[in-house]
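Open your viewer and get ready to select. This short tour goes stop by stop.

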Amino acid sequence: MIAPATAPPAPVSPNSALAAEIKALVLAGRRDSARERFAELVAAHQRRATRIAYQYLRDVHDVDEAVQDAFVKVFAHITSYREELPFDVWFTRILVNGCLDLRKSRSRRLRWVLPTPVDAQPPEPVAPQPSPEERLLASECGRKIAGAVEQLPERQRIVFTMCQVAEHTTSEVSQALGLREATVRVHLFRAIRKLRALLEHER
Amino acid sequence: MTKDRTHLSDDRLLDVSLDGACGGSESSTAPTASEMQHLADCPACEARRSRLAGLLADAGGVVAAQADAYFTADRLAKQRAHILERLEHEARHGRVITFPAAHGQPPALRGRPGTRWIAAAAAAGLLIGFVAEHVAHRFPGGPSAIALVDADPDALQLVAAPLSEEEFLGRMELAVEGTAGSALRPLDELTPRVWEVAAQTR
């Protein structure tokens with residue numbers, strides 16, 4: 001579990017301002033309006049959240065569950081949101097803690113409880129044509145890169161995802177993961193060096 | 001020769017690329033004016049930087065595509081709808097005023113059919129507790145009374161209190177990892193797991 005980290009003051013981003021507005025609406029008892037505004041916040045963070053959660057869970061159903069839970073938790077605790085903390089960081093911390101909890105519970109379940117039969121899972125609809133993402137992953141270059149990313153230690157992979165994919169600064173990642181910023185940079189450097197070593201001779 | 005000496009090292013090149021990509025322009029590792037000038041003047045360093053930037057973009061693109069391939073715009077819309085449904089559902093539940101406050105929390109086992117057996121075990125434990133108490137009162141000097149007095153209060157709580165599935169599994173793991181569990185570990189290793197049995201019977 002990630003320990004809470006002290007956050008330096010940051011300029012208020014549009015998302016933080018929206019979160020503060022939602023908090024005010026909830027405090028004023030206007031929950032319906034708050035939910036409507038919250039939908040905008042969900043739309044703004046959803047994709048980034050799924051990308052981060054995927055690096056922890058590697059299972060689309062678990063990712064879906066973790067992302068949904070994180071948003072529901074955020075709304076339930078919106079009144080405790082502190083405006084001086086960037087909303088992105090607060091949300092990511094909740095998401096990451098949720099992913100870690102889910103992974104722990106999944107490993108317990110695997111050990112002690114009979115898994116749900118595969119037949120009970122809803123079938124995945126087949127896309128009529130492969131999407132650009134699927135084509136990228138299926139290409140030779142995409143497979144090589146994915147293979148190299150898989151070889152990264154988890155912490156490096158997650159820091160890399162947060163910085164390069166979710167576009168967080170190293171300072172935001174350090175707050176979200178409860179690590180020192182220098183440590184985040186070390187993980188990021190190592191991840192990139194390893195990726196370069198694995199991929200550069202291919203290029 | 002002078003120019004060669006001022007080539008950016010690999011680490012500095014990484015710093016420069018990351019400071020551009022991660023928005024850390026105010027960090028202590030941000031490129032200096034002379035380094036930026038060198039990058040502008042030196043085609044070799046600029047080529048190295050653009051190669052590195054390409055690698056970062058490609059790797060980032062693949063990492064993003066791993067999740068995006070499944071979470072298409074349609075699925076994200078469905079996910080958003082689920083989230084909003086859940087919020088609405090919880091808001092409706094929130095209007096119910098429970099009394100007394102201590103019993104106001106929703107039962108942990110609600111809505112999980114797979115955990116009914118835990119509720120049954122808890123109920124059976126409670127029943128055993130009542131019977132044991134009855135026997136203890138009937139034979140105050142008997143061994144049952146001693147057993148009850150000596151019993152670990154945590155164990156009694158485990159039987160009597162309704163636990164969520166997570167708490168129950170957590171306690172099982174703690175018990176297995178504890179010192180008392182070490183003697184039973186060889187037996188545990190011999191015991192097939194539920195999923196192993198399930199896989200064999202399929």
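A salt bridge here is a side-chain nitrogen of Lys or Arg within 4 Å of a carboxyl oxygen of Asp or Glu. Keep that cut-off in mind for the opening stop. Remember too that this is a predicted model.

**Stop 1: a charged pair.** Select D10(B) and R196(A). These two residues form a salt bridge. Their closest N and O atoms are 3.3 Å apart, and that falls under the rule because the limit is 4 Å. Between chain B and chain A the count is five salt bridges.

**Stop 2: the whole interface.** Now show both sides of the contact. Chain B brings 56 residues and chain A brings 59 residues. About 5,700 Å² is buried between the two chains. Carbon and sulfur atoms give 62% of that area. Look for polar contacts as well: 12 residue pairs across the interface qualify, with both residues at pLDDT 80 or more.

**Stop 3: the helices of chain B.** Which helices of chain B supply at least two residues each to the side that touches chain A? Select helix 2 (10–21), helix 4 (43–68), helix 5 (73–94), helix 9 (165–177) and helix 12 (194–201). Then colour helix 4 of chain B on its own. With 16 residues, helix 4 gives the largest share of this side. Next, colour the side of chain B that touches chain A by residue class. You will find 28 nonpolar, 10 polar and 18 charged residues.

**Stop 4: the cysteines.** How many disulfides does a search of the whole structure find? Over all chains, zero. Move to chain A and select C163(A). C163(A) is buried too, with a relative accessible area of 1%.

**Stop 5: two positive phi values.** Most residues other than glycine have a negative phi. Select R58(A), where phi is near 60°, a positive value. R58(A) sits in the loop between helix 2 (31–57) and helix 3 (60–76) of chain A. Its relative accessible area is 27%, so R58(A) is partly exposed.

Finish at E167(A). Phi of E167(A) is near 60° and positive, in a residue other than glycine. Find E167(A) in the loop between helix 7 (154–165) and helix 8 (170–177) of chain A. Is E167(A) buried or exposed? At 61% relative accessibility, E167(A) counts as exposed.

Conventions
Residues are numbered from 1 along each chain as its sequence is written. Chains are lettered from A and ligands numbered from 1 in the order in which they are written. This is a predicted model: local features need pLDDT of at least 70, side-chain atom pairs count only at pLDDT 80 or more; totals for chains, interfaces and linings use all residues. Side-chain values use heavy atoms; hydrogens and water are left out. Contact means heavy atoms within 4.5 Å. Buried area is the accessible area (1.4 Å probe) that two parts lose on being put together, summed over both. A polar contact is a pair of N or O atoms within 3.5 Å; within protein, one must be able to donate a hydrogen and the other to accept it, and residues adjacent in sequence count only if both atoms are side-chain atoms. Helices (H or I, at least four residues) and strands (E, at least two) are DSSP runs, numbered from the N terminus. Ala, Val, Leu, Ile, Met, Phe, Trp, Tyr, Cys and Pro count as nonpolar, Asp, Glu, Lys and Arg as charged, and the others, Gly among them, as polar. A disulfide is a pair of cysteine sulfur atoms within 2.5 Å. Buried means under 20% relative accessible area, exposed over 50%, partly exposed in between (1.4 Å probe, protein chains only).
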